[in-house]
Amino acid sequence: MHRFLIAAAVAFVALPAAAQQKIDFILNWVPGGDHAPYYYAKKMGWYAKDGIDLNIEPGKGSALATQKVGAGANPIGLADMGGVLVAKGKGANTVAVFNVYANSPQGMYWLKSSGIQGIKDFPGKKIGNPAADGARVMWPALAKANGVDPKSVVWVNIDANAKLSALKSKAIDVTTSFYNIHHIFQRELGADLGFLAWRDVGLNPYGNSVIVNADFLAKNKPLVDKFVKVTQRAFAACVKDPAPCIQALIDANGALKLANETVNWQLVEVLMSDKNSREVALGIHDDARMKADYELVRDYVGIDKPFDVKATYTNEFLDRSIKMTK
(Lines give C-alpha, C1' and ligand atoms only; values in the text may rest on other atoms or scores of the structure.)
Protein backbone atom coordinates (compact mmCIF):
# COMPACT_ATOMS: atom_id res chain seq x y z
CA MET A 1 0.00 0.00 0.00
CA HIS A 2 2.84 2.34 0.96
CA ARG A 3 4.64 1.68 -2.37
CA PHE A 4 1.37 2.29 -4.22
CA LEU A 5 0.94 5.71 -2.60
CA ILE A 6 4.54 6.69 -3.44
CA ALA A 7 4.09 5.58 -7.06
CA ALA A 8 0.82 7.50 -7.30
CA ALA A 9 2.46 10.63 -5.88
CA VAL A 10 5.31 10.40 -8.37
CA ALA A 11 2.86 9.95 -11.24
CA PHE A 12 0.88 13.00 -10.06
CA VAL A 13 3.99 15.18 -9.91
CA ALA A 14 5.00 14.07 -13.40
CA LEU A 15 1.73 15.36 -14.87
CA PRO A 16 1.83 18.83 -16.42
CA ALA A 17 0.11 21.56 -14.38
CA ALA A 18 -2.06 22.46 -17.36
CA ALA A 19 -2.19 21.59 -21.03
CA GLN A 20 -0.22 24.21 -22.93
CA GLN A 21 -1.14 25.42 -26.41
CA LYS A 22 1.70 27.07 -28.31
CA ILE A 23 0.94 30.43 -29.88
CA ASP A 24 3.39 32.08 -32.28
CA PHE A 25 2.72 35.78 -31.67
CA ILE A 26 4.34 37.97 -34.33
CA LEU A 27 5.25 41.53 -33.38
CA ASN A 28 5.01 44.48 -35.72
CA TRP A 29 8.72 45.08 -35.34
CA VAL A 30 11.84 44.05 -33.46
CA PRO A 31 11.35 44.02 -29.67
CA GLY A 32 11.40 47.40 -27.94
CA GLY A 33 9.89 49.26 -25.01
CA ASP A 34 6.42 49.14 -26.56
CA HIS A 35 6.49 45.34 -26.34
CA ALA A 36 7.51 45.15 -22.67
CA PRO A 37 4.08 43.98 -21.35
CA TYR A 38 4.14 40.77 -23.41
CA TYR A 39 7.61 39.85 -22.11
CA TYR A 40 6.62 40.78 -18.56
CA ALA A 41 3.50 38.60 -18.60
CA LYS A 42 5.50 35.75 -20.09
CA LYS A 43 8.26 36.10 -17.48
CA MET A 44 5.70 36.19 -14.67
CA GLY A 45 4.09 33.00 -15.98
CA TRP A 46 0.72 34.64 -16.57
CA TYR A 47 0.28 33.23 -20.08
CA ALA A 48 1.50 29.78 -19.01
CA LYS A 49 -0.92 29.75 -16.07
CA ASP A 50 -3.76 30.13 -18.57
CA GLY A 51 -2.47 27.32 -20.79
CA ILE A 52 -0.63 29.49 -23.32
CA ASP A 53 2.92 28.63 -24.40
CA LEU A 54 3.69 32.03 -25.92
CA ASN A 55 6.44 32.35 -28.54
CA ILE A 56 7.11 36.03 -29.25
CA GLU A 57 8.36 36.39 -32.82
CA PRO A 58 10.14 39.61 -33.89
CA GLY A 59 8.47 41.34 -36.82
CA LYS A 60 9.56 43.18 -39.94
CA GLY A 61 6.69 45.61 -40.36
CA SER A 62 2.96 45.81 -39.75
CA ALA A 63 2.19 44.86 -43.33
CA LEU A 64 4.05 41.57 -42.95
CA ALA A 65 2.42 40.83 -39.57
CA THR A 66 -1.02 41.49 -41.08
CA GLN A 67 -0.24 39.27 -44.05
CA LYS A 68 0.96 36.38 -41.89
CA VAL A 69 -1.97 36.53 -39.47
CA GLY A 70 -4.45 36.98 -42.31
CA ALA A 71 -3.09 33.89 -44.03
CA GLY A 72 -3.02 31.86 -40.81
CA ALA A 73 0.77 31.49 -40.71
CA ASN A 74 0.64 33.14 -37.27
CA PRO A 75 -2.59 32.91 -35.26
CA ILE A 76 -2.01 36.22 -33.45
CA GLY A 77 0.01 39.32 -34.25
CA LEU A 78 0.49 43.03 -33.71
CA ALA A 79 -0.13 45.49 -36.54
CA ASP A 80 -1.14 49.04 -37.44
CA MET A 81 -4.94 49.16 -37.65
CA GLY A 82 -5.10 51.36 -40.74
CA GLY A 83 -3.10 48.81 -42.69
CA VAL A 84 -5.26 46.03 -41.27
CA LEU A 85 -8.35 47.70 -42.80
CA VAL A 86 -6.61 48.00 -46.16
CA ALA A 87 -5.63 44.32 -46.01
CA LYS A 88 -9.17 43.31 -45.01
CA GLY A 89 -10.40 44.78 -48.29
CA LYS A 90 -7.94 42.51 -50.07
CA GLY A 91 -9.23 39.44 -48.26
CA ALA A 92 -7.05 39.28 -45.13
CA ASN A 93 -8.91 37.14 -42.58
CA THR A 94 -8.26 39.06 -39.34
CA VAL A 95 -10.09 40.40 -36.29
CA ALA A 96 -8.62 42.98 -33.90
CA VAL A 97 -9.12 42.06 -30.23
CA PHE A 98 -7.04 44.60 -28.29
CA ASN A 99 -5.95 48.14 -29.15
CA VAL A 100 -2.54 49.33 -27.96
CA TYR A 101 -2.17 52.72 -29.65
CA ALA A 102 -5.29 54.84 -29.24
CA ASN A 103 -3.32 57.57 -31.04
CA SER A 104 -1.40 57.17 -34.27
CA PRO A 105 2.32 56.66 -33.57
CA GLN A 106 3.36 57.53 -37.11
CA GLY A 107 5.80 60.35 -37.72
CA MET A 108 8.00 61.71 -40.51
CA TYR A 109 11.60 62.83 -39.93
CA TRP A 110 13.99 64.95 -41.99
CA LEU A 111 16.93 67.35 -41.65
CA LYS A 112 15.97 71.00 -41.36
CA SER A 113 19.20 71.84 -43.15
CA SER A 114 17.77 70.11 -46.24
CA GLY A 115 15.33 72.98 -46.67
CA ILE A 116 12.28 70.83 -45.95
CA GLN A 117 9.85 72.65 -43.67
CA GLY A 118 6.88 70.31 -43.80
CA ILE A 119 4.83 67.87 -45.81
CA LYS A 120 4.20 70.39 -48.61
CA ASP A 121 7.91 70.12 -49.40
CA PHE A 122 7.90 66.32 -49.76
CA PRO A 123 7.08 66.11 -53.53
CA GLY A 124 10.16 64.99 -55.44
CA LYS A 125 11.86 63.78 -52.29
CA LYS A 126 13.06 60.27 -51.37
CA ILE A 127 11.37 58.67 -48.37
CA GLY A 128 13.26 55.70 -46.96
CA ASN A 129 11.88 52.88 -44.86
CA PRO A 130 11.42 49.09 -45.02
CA ALA A 131 9.17 47.79 -47.78
CA ALA A 132 6.71 46.26 -45.30
CA ASP A 133 6.44 49.37 -43.12
CA GLY A 134 2.86 50.32 -42.24
CA ALA A 135 3.56 53.99 -43.05
CA ARG A 136 3.71 53.16 -46.75
CA VAL A 137 0.22 51.69 -46.66
CA MET A 138 -1.28 54.79 -45.04
CA TRP A 139 0.85 57.40 -46.83
CA PRO A 140 -1.83 58.14 -49.48
CA ALA A 141 -4.24 59.17 -46.71
CA LEU A 142 -1.71 61.51 -45.11
CA ALA A 143 -0.72 62.99 -48.46
CA LYS A 144 -4.27 63.59 -49.72
CA ALA A 145 -5.39 65.02 -46.38
CA ASN A 146 -2.66 67.63 -46.80
CA GLY A 147 -3.09 68.38 -50.49
CA VAL A 148 -0.08 66.39 -51.69
CA ASP A 149 -0.07 63.92 -54.58
CA PRO A 150 0.75 60.51 -53.00
CA LYS A 151 2.71 59.54 -56.13
CA SER A 152 4.92 62.62 -55.99
CA VAL A 153 7.49 61.00 -53.67
CA VAL A 154 10.01 58.22 -54.28
CA TRP A 155 10.05 55.32 -51.83
CA VAL A 156 13.45 53.82 -51.06
CA ASN A 157 13.82 50.41 -49.40
CA ILE A 158 16.13 50.56 -46.38
CA ASP A 159 16.55 48.51 -43.24
CA ALA A 160 14.95 49.89 -40.08
CA ASN A 161 18.34 50.25 -38.41
CA ALA A 162 19.62 52.30 -41.34
CA LYS A 163 17.07 55.11 -41.13
CA LEU A 164 19.20 57.57 -39.22
CA SER A 165 22.42 56.86 -41.09
CA ALA A 166 20.63 57.15 -44.44
CA LEU A 167 19.12 60.45 -43.36
CA LYS A 168 22.43 61.84 -42.10
CA SER A 169 24.28 60.79 -45.26
CA LYS A 170 21.49 62.30 -47.37
CA ALA A 171 20.90 59.01 -49.18
CA ILE A 172 17.25 59.76 -48.40
CA ASP A 173 15.44 63.01 -47.65
CA VAL A 174 12.75 61.78 -45.25
CA THR A 175 12.10 58.70 -43.17
CA THR A 176 9.26 57.37 -41.04
CA SER A 177 9.21 56.14 -37.48
CA PHE A 178 6.98 55.52 -34.48
CA TYR A 179 6.77 58.22 -31.82
CA ASN A 180 7.96 55.88 -29.08
CA ILE A 181 11.53 56.18 -30.41
CA HIS A 182 11.28 59.92 -31.03
CA HIS A 183 13.92 60.51 -28.35
CA ILE A 184 16.53 58.68 -30.43
CA PHE A 185 15.97 61.00 -33.39
CA GLN A 186 16.13 63.99 -31.04
CA ARG A 187 19.41 62.80 -29.59
CA GLU A 188 21.01 62.03 -32.95
CA LEU A 189 19.79 65.02 -34.97
CA GLY A 190 19.58 67.73 -32.30
CA ALA A 191 18.66 71.17 -33.61
CA ASP A 192 18.59 69.83 -37.19
CA LEU A 193 15.57 67.62 -36.39
CA GLY A 194 12.59 68.10 -38.65
CA PHE A 195 9.47 66.26 -37.44
CA LEU A 196 5.82 65.84 -38.29
CA ALA A 197 3.40 63.76 -36.20
CA TRP A 198 0.57 62.37 -38.30
CA ARG A 199 -1.89 62.89 -35.46
CA ASP A 200 -1.11 66.64 -35.55
CA VAL A 201 -1.89 67.09 -39.26
CA GLY A 202 -5.38 65.66 -39.47
CA LEU A 203 -4.66 61.93 -39.45
CA ASN A 204 -5.10 60.09 -36.18
CA PRO A 205 -6.44 56.58 -36.87
CA TYR A 206 -5.96 53.78 -34.38
CA GLY A 207 -2.39 52.50 -34.38
CA ASN A 208 -1.10 49.10 -33.29
CA SER A 209 -3.71 46.53 -32.35
CA VAL A 210 -3.50 42.85 -31.50
CA ILE A 211 -5.08 40.95 -34.38
CA VAL A 212 -6.17 37.32 -34.59
CA ASN A 213 -6.76 35.08 -37.58
CA ALA A 214 -10.56 34.87 -37.85
CA ASP A 215 -10.66 31.09 -38.36
CA PHE A 216 -8.37 30.57 -35.36
CA LEU A 217 -10.59 32.87 -33.29
CA ALA A 218 -13.74 30.97 -34.21
CA LYS A 219 -12.19 27.68 -33.07
CA ASN A 220 -10.30 28.98 -30.01
CA LYS A 221 -12.44 31.66 -28.35
CA PRO A 222 -11.64 30.62 -24.76
CA LEU A 223 -7.91 30.71 -25.54
CA VAL A 224 -8.12 34.13 -27.21
CA ASP A 225 -10.16 35.38 -24.27
CA LYS A 226 -7.38 34.34 -21.89
CA PHE A 227 -4.68 35.85 -24.12
CA VAL A 228 -6.45 39.20 -24.28
CA LYS A 229 -7.19 39.39 -20.57
CA VAL A 230 -3.61 38.50 -19.61
CA THR A 231 -2.29 41.05 -22.11
CA GLN A 232 -4.66 43.74 -20.89
CA ARG A 233 -3.65 43.08 -17.28
CA ALA A 234 0.03 43.21 -18.28
CA PHE A 235 -0.33 46.61 -19.94
CA ALA A 236 -2.12 47.97 -16.90
CA ALA A 237 0.61 46.61 -14.63
CA CYS A 238 3.33 48.21 -16.76
CA VAL A 239 1.59 51.59 -16.69
CA LYS A 240 1.49 51.35 -12.88
CA ASP A 241 5.11 50.20 -12.51
CA PRO A 242 7.21 50.15 -15.70
CA ALA A 243 10.53 49.08 -14.19
CA PRO A 244 9.95 45.30 -13.88
CA CYS A 245 8.36 45.25 -17.32
CA ILE A 246 11.32 46.94 -18.97
CA GLN A 247 13.65 44.57 -17.14
CA ALA A 248 11.72 41.55 -18.43
CA LEU A 249 12.07 42.93 -21.97
CA ILE A 250 15.83 43.37 -21.53
CA ASP A 251 16.25 39.94 -19.93
CA ALA A 252 14.72 38.41 -23.05
CA ASN A 253 16.54 40.71 -25.51
CA GLY A 254 19.99 41.37 -24.13
CA ALA A 255 21.13 44.03 -26.60
CA LEU A 256 18.57 46.57 -25.37
CA LYS A 257 19.44 49.37 -22.95
CA LEU A 258 17.40 50.08 -19.82
CA ALA A 259 17.43 53.87 -20.09
CA ASN A 260 16.47 53.90 -23.77
CA GLU A 261 13.60 51.43 -23.43
CA THR A 262 12.30 53.23 -20.35
CA VAL A 263 11.90 56.44 -22.35
CA ASN A 264 10.41 54.37 -25.17
CA TRP A 265 7.76 53.08 -22.77
CA GLN A 266 7.01 56.59 -21.45
CA LEU A 267 6.19 57.68 -25.00
CA VAL A 268 4.09 54.56 -25.50
CA GLU A 269 1.91 55.63 -22.57
CA VAL A 270 1.16 58.89 -24.42
CA LEU A 271 0.01 56.89 -27.44
CA MET A 272 -2.14 54.55 -25.33
CA SER A 273 -4.17 57.29 -23.67
CA ASP A 274 -7.45 58.70 -24.92
CA LYS A 275 -10.92 59.28 -23.49
CA ASN A 276 -12.10 55.74 -24.27
CA SER A 277 -9.04 53.94 -22.88
CA ARG A 278 -9.28 56.05 -19.71
CA GLU A 279 -13.05 55.92 -19.20
CA VAL A 280 -14.34 52.76 -20.90
CA ALA A 281 -11.60 50.11 -21.04
CA LEU A 282 -7.90 49.81 -21.76
CA GLY A 283 -7.59 48.24 -25.21
CA ILE A 284 -11.02 49.18 -26.55
CA HIS A 285 -11.82 49.92 -30.18
CA ASP A 286 -14.52 52.62 -30.18
CA ASP A 287 -17.30 52.09 -32.72
CA ALA A 288 -17.42 55.71 -33.87
CA ARG A 289 -13.64 55.93 -34.30
CA MET A 290 -13.50 52.64 -36.18
CA LYS A 291 -16.24 53.86 -38.53
CA ALA A 292 -14.26 57.07 -39.11
CA ASP A 293 -11.05 55.10 -39.70
CA TYR A 294 -12.80 52.88 -42.24
CA GLU A 295 -14.10 55.95 -44.10
CA LEU A 296 -10.65 57.55 -44.02
CA VAL A 297 -9.01 54.45 -45.50
CA ARG A 298 -11.82 54.03 -48.05
CA ASP A 299 -11.68 57.64 -49.24
CA TYR A 300 -7.92 58.28 -49.17
CA VAL A 301 -6.19 54.91 -49.59
CA GLY A 302 -8.88 52.78 -51.19
CA ILE A 303 -10.56 49.50 -50.22
CA ASP A 304 -10.65 46.83 -52.91
CA LYS A 305 -13.79 45.14 -51.61
CA PRO A 306 -16.04 47.04 -49.15
CA PHE A 307 -16.92 45.33 -45.87
CA ASP A 308 -18.70 45.98 -42.58
CA VAL A 309 -16.05 47.56 -40.34
CA LYS A 310 -17.63 45.93 -37.29
CA ALA A 311 -16.45 42.59 -38.65
CA THR A 312 -12.83 43.71 -38.24
CA TYR A 313 -12.75 44.06 -34.44
CA THR A 314 -14.37 42.89 -31.22
CA ASN A 315 -14.30 44.19 -27.64
CA GLU A 316 -15.87 41.05 -26.19
CA PHE A 317 -12.72 39.79 -24.48
CA LEU A 318 -11.85 42.99 -22.59
CA ASP A 319 -12.19 43.34 -18.85
CA ARG A 320 -14.09 46.64 -18.59
CA SER A 321 -12.80 47.22 -15.06
CA ILE A 322 -9.25 47.74 -16.39
CA LYS A 323 -8.69 51.27 -17.62
CA MET A 324 -5.79 53.49 -18.63
CA THR A 325 -4.88 55.52 -15.57
CA LYS A 326 -2.84 58.31 -17.21
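A salt bridge here is a side-chain nitrogen of Lys or Arg within 4 Å of a carboxyl oxygen of Asp or Glu. This is a predicted model. Arg136 sits in helix H6, residues 134-145. Arg136 is buried, yet has no salt bridge. Asp133 is the nearest side chain of opposite charge, 6.9 Å away.

What does Arg136 touch, leaving aside residues up to four places away in sequence? The contacts are Asn129, Pro130, Ala131, Trp155, Val156 and Asn157.

## Asp133 and Lys163

Asp133 does have a partner: a salt bridge joins Asp133 and Lys163, with the closest N and O atoms 3.7 Å apart. The pair links distant parts of the chain, 30 residues apart. Lys163 belongs to helix H7, while Asp133 lies in the loop between strand S6 (126-129) and H6. Is Lys163 buried or exposed? Lys163 has a relative accessible area of 8%, so it is buried. Asp133, at 9% relative accessibility, also counts as buried.

## Other salt bridges

The structure holds 13 salt bridges. One joins Glu316 to Lys221, with the closest N and O atoms 3.4 Å apart. Glu316 lies in the segment after helix H14 (287-301) and Lys221 in helix H10, 95 residues apart. Glu316 is partly exposed, at 44% relative accessibility. Lys221 is partly exposed too, at 38%.

Glu269 and Lys326 form another salt bridge, 3.2 Å from N to O. Glu269 is in helix H12 (residues 258-272) and Lys326 is in the segment after H14, so the bridge ties together parts 57 residues apart in sequence. Glu269 counts as buried, at 10% relative accessibility. Lys326 is partly exposed, at 49%. Elsewhere, a network of salt bridges links Lys168, Arg187 and Glu188.

## Nonpolar cores

The largest nonpolar core has 54 residues. Which of them touch the most other members? They are Phe25, Tyr38, Phe98, Val210 and Met272. Helix H10, residues 221-240, gives the most to this core, with 9 residues.

Met272 touches Val100, Ala102, Phe235, Val239, Trp265, Ser277, Leu282 and Met324, not counting residues up to four places away in sequence.

## Helix H10

The 20 residues of H10 should span 28 Å at 1.5 Å a residue. The end C-alpha atoms are 29 Å apart, which agrees. The buried residues of H10 are Leu223, Val224, Phe227, Val228, Val230, Thr231, Gln232, Ala234, Phe235, Cys238 and Val239. Among them, Phe235 and Val239 touch Met272.

## The disulfide

How many disulfides does a search of the whole structure find? The search finds 1. Cys238 is joined to Cys245, with 2.1 Å from S to S. The torsion about the S-S bond is about -95°, so the disulfide is left-handed. Both Cys238 and Cys245 are buried.

## Backbone at Lys170

Lys170 is not a glycine, but has a positive phi of about 70°. Lys170 lies in the loop between helix H7 (163-168) and strand S8 (174-178). Is Lys170 buried or exposed? Its relative accessibility is 57%, so Lys170 counts as exposed.

How values were computed
Residues are numbered from 1 along each chain as its sequence is written. This is a predicted model: local features need pLDDT of at least 70, side-chain atom pairs count only at pLDDT 80 or more; totals for chains, interfaces and linings use all residues. Side-chain values use heavy atoms; hydrogens and water are left out. A nonpolar core is a set of buried Ala, Val, Leu, Ile, Met, Phe, Trp, Tyr and Cys residues joined through side-chain atoms within 4.5 Å. Buried means under 20% relative accessible area, exposed over 50%, partly exposed in between (1.4 Å probe, protein chains only). Helices (H or I, at least four residues) and strands (E, at least two) are DSSP runs, numbered from the N terminus. Contact means heavy atoms within 4.5 Å. A disulfide is a pair of cysteine sulfur atoms within 2.5 Å. Lys and Arg count as positive and Asp and Glu as negative; His and the chain ends are not counted. The expected span of a helix is 1.5 Å times one less than its number of residues.
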